[in-house]
Structures are given as C-alpha cells and as structure tokens.
Amino acid sequence: MSQTLSPAPPSWQEDVFTALKKYDVRQIAYVPDAGHSHTLREARRDPAIHDVVLTTEEEGVAVAAGAWLGGQRAVLLMQSSGVGNCVNMLSLPAMCRFPFLTLVTMRGEYAEFNPWQGPMGRTTRQALELMGVTVLRADRPEEVAETVEAALDAVFGAGERVAVLLGQKLIGRKKWERD
C-alpha cells in the first residue's frame, strides 16, 4: 500500500505555529480555513494546545476572554470575511481591557475569484481599527515571524488588542473547483 505525503507547508505557516508555541498560547479558536491549515493541524496534534472549532468567528472573541480570565493565552484564527461577524463582540476586549490577538488570512485581494470576498477584504483593516484593534500586516513570507512575534509581545506583554493580517499572496491563488 503506497502512502502519499502531503507537501511541506510554506515556511511562514511553520513560523506562525512556532511563534504561538514560543509565547505559550494554549487555546486556538477558529472557523476552519485553508490559510491556517498548518497551524490548525499542529494544534490538534499538540496536547498542550486546546483547539476550539467555532460556528461563527465572534465566538472566538469570547473564547479568548475566557482563556485569559482562566489564566491561559488564546488566539483567534479567521479569514477576513469573518471580521465583519466580530465587530460588535470586539467591544468586549476594548471595554474589559484584556489582551486579544487574531490572525486573519486575507481574501478579496490578489487574484480573488469570489466577488463576495471583495467588500470585507477591502475594509478589514478599517473595521478592526474602528473597534480599537491595532492592525499589523505581513505580505511576504520573510515578514511573518517578526510580525506575529511583535503582535504577541504587544498582546501578552502590554495587554493590547492586535490583529495580524496575512496577505492573500502568502496563501497563493485560490482556484474555483469545477466538475
């Protein structure tokens, strides 16, 4: 019986998981997303990390709050399309002044085939900033580790609320599957 091996993940995806481990993130909340697939796979394999599958992204803000109140660090992983679902819930970390980190894979940008992704993709940064979240961005693989670690320092060192936008070029062109 032959076994097919998955291709190695891009180095930037490994950098994300390595940074989360280095900063002792114990909970990862997410709506499944291909751009975060490596981090999600590694989190499920790691007994020190509790992965929380969400039905909608705003639940992840509450998971992060609960983790912090319980003495653990958490991060919310989502696509840019999920940011709109979180706008009202982002009042929680702002008003309660607890640290919050989200890593956002971008859609509606480079070579986007789905027109429904465009509006939120074009306004993700502004929506987050309007809710008091500092926005950092990485568009090249060599920027990811430093950007994610800077966000982790700001969040868990200074108690900030930060989003890291991971540009669509990092993930590559998505293709519509046709039968």
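Q: What should helix α7 span, and how far apart are its end C-alpha atoms?

A: At 1.5 Å a residue, the 18 residues of α7 (residues 141-158) should span 26 Å, and its end C-alpha atoms are 26 Å apart, which agrees; the expected span is 1.5 Å times one less than the number of residues. Helices (H or I, at least four residues) and strands (E, at least two) are DSSP runs, numbered from the N terminus. This is a predicted model, in which local features need pLDDT of at least 70, side-chain atom pairs count only at pLDDT 80 or more, and totals for chains, interfaces and linings use all residues. Residues are numbered from 1 along each chain as its sequence is written, and side-chain values use heavy atoms, with hydrogens and water left out.

Q: Which residues of α7 are buried, and which are exposed?

A: An α-helix has 3.6 residues a turn, so residues three or four places apart point the same way. In α7, Val144, Thr147, Val148, Ala151, Leu152, Val155 and Phe156 are buried (under 20% relative accessible area, with exposed over 50% and partly exposed in between; 1.4 Å probe, protein chains only). Seen down the axis of α7, these buried residues fall within an arc of 140°, so they line one face of the helix; the arc is that of the directions from the axis to the C-beta atoms. Glu142, Glu146, Gly157 and Ala158 are exposed on the other side of α7.

Q: In what order do the six strands form the open sheet?

A: Two strands pair if DSSP finds at least two bridges between them. Here the order is β2-β1-β3-β4-β6-β5, with parallel pairing, and the edge strands, β2 (50-53) and β5 (134-138), each pair on one side only.
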